[in-house]
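Reader: I would like to go through this model feature by feature. Please give the general idea each time, then the case at hand.

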Amino acid sequence: WWAFSTRHLDLQTTKRDGEAMLVAGMLSTIPALLINSLLFPLLLLAVGIESMEPGSIGELLILAVSAPVGEELCKAAFVFSLYKMIDSPRRGFQVGFSVGLGFALLENLQYILFSLLAGEGAALSYTITVIIRGIGSIPGHAFWTGLSGTAIGWHICRKRGIQPEQVR
């Protein structure tokens, strides 16, 4: 990704900066996990939704609301924490994309490890999990966080007094 960014987006990235972006993405999984596992279920209990079992409305709300919103907010916060690296919307996209890759790396590792512990159906569970997570999760996490990074890049440039037409 960073080689592509250098060649096609004209963005030089040091090894240290690249590692910082990936680590930020991995760290963003911690608050996302807390939101999805503790805070949102407590909120559901507070409004009277007691079941989080598979097939319940509670599970649907966690998967359809808490996971995407909570994860994207956490990843965006960690992109913003790297504001010193961001000097343009393009760089914001690169930082966001990289943070998304770091998030996907750790999240997918968790899903794959759980699928290996599935008991009798571990081989099938593992195969399906690897295929689904590899095809959808990795580019999805990277791209959506890249869009957040682009918006953060625009915001930072405007705060620094850089006009949009001056930004590459």
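This is a predicted model: local features need pLDDT of at least 70, side-chain atom pairs count only at pLDDT 80 or more; totals for chains, interfaces and linings use all residues.

Reader: How many helices and strands does the secondary structure of the protein chain come to?

Author: Helices (H or I, at least four residues) and strands (E, at least two) are DSSP runs, numbered from the N terminus. Here there are six helices and zero strands, in the order α-α-α-α-α-α. Along the principal axes, the C-alpha atoms fill a box of roughly 55 × 40 × 20 Å.

Reader: What percentage of the residues count as buried?

Author: Buried means under 20% relative accessible area, exposed over 50%, and partly exposed in between (1.4 Å probe, protein chains only). Of the 168 residues, 36% count as buried. As for contacts (heavy atoms within 4.5 Å), 71% of those with a separation of 6 or more join residues 24 or more positions apart.

Reader: What span is expected of helix 4, and what does it reach?

Author: The expected span is 1.5 Å times one less than the number of residues. Helix 4 (residues 57-80) has 24 residues and reaches 33 Å from its first C-alpha to its last, close to the expected 34 Å.

Reader: Where do the kinks lie in helix 4 and helix 3?

Author: The bend at a residue is the angle between axes fitted to the seven residues ending there and the seven starting there. In helix 4 a kink of about 35° lies at Ser-66, shortly before the proline Pro-68. In helix 3 a kink of about 40° is centred on Ile-35.

Reader: Which residues of helix 3 are buried, and which helices do they pack against?

Author: An α-helix has 3.6 residues a turn, so residues three or four places apart point the same way. In helix 3 the buried residues are Thr-29, Ala-32, Asn-36, Phe-40, Pro-41 and Leu-44; they pack against helix 2, helix 4 and helix 5. The buried residues of helix 4 include Gly-58, Ile-62, Ser-66 and Glu-71, and the buried residues of helix 4 pack against helix 3, helix 5 and helix 6.

Reader: How many residues line the largest pocket, and which lie nearest its centre?

Author: Rolling a probe the size of a water molecule over the atoms shows where empty space is left. On a 1 Å grid over the protein atoms alone, a pocket is an open set of points where a 1.4 Å probe fits, with protein on both sides within 12 Å along at least five of seven lines; lining residues have an atom within 4 Å of a point. The largest pocket is lined by 17 residues, with Asn-36, Glu-71, Glu-107, Gln-110 and Tyr-111 nearest its centre. Helix 3, helix 4, helix 5 and helix 6 each give two or more residues to the lining, and the largest share, six residues, comes from helix 5.

Reader: Where is Asp-10, and what is its phi?

Author: Asp-10 lies in the loop between helix 1 (2-8) and helix 2 (15-27). Its phi is near 55°, a positive value in a residue other than glycine. Asp-10 is partly exposed, with a relative accessible area of 43%.

Note on methods
Residues are numbered from 1 along each chain as its sequence is written. Side-chain values use heavy atoms; hydrogens and water are left out.
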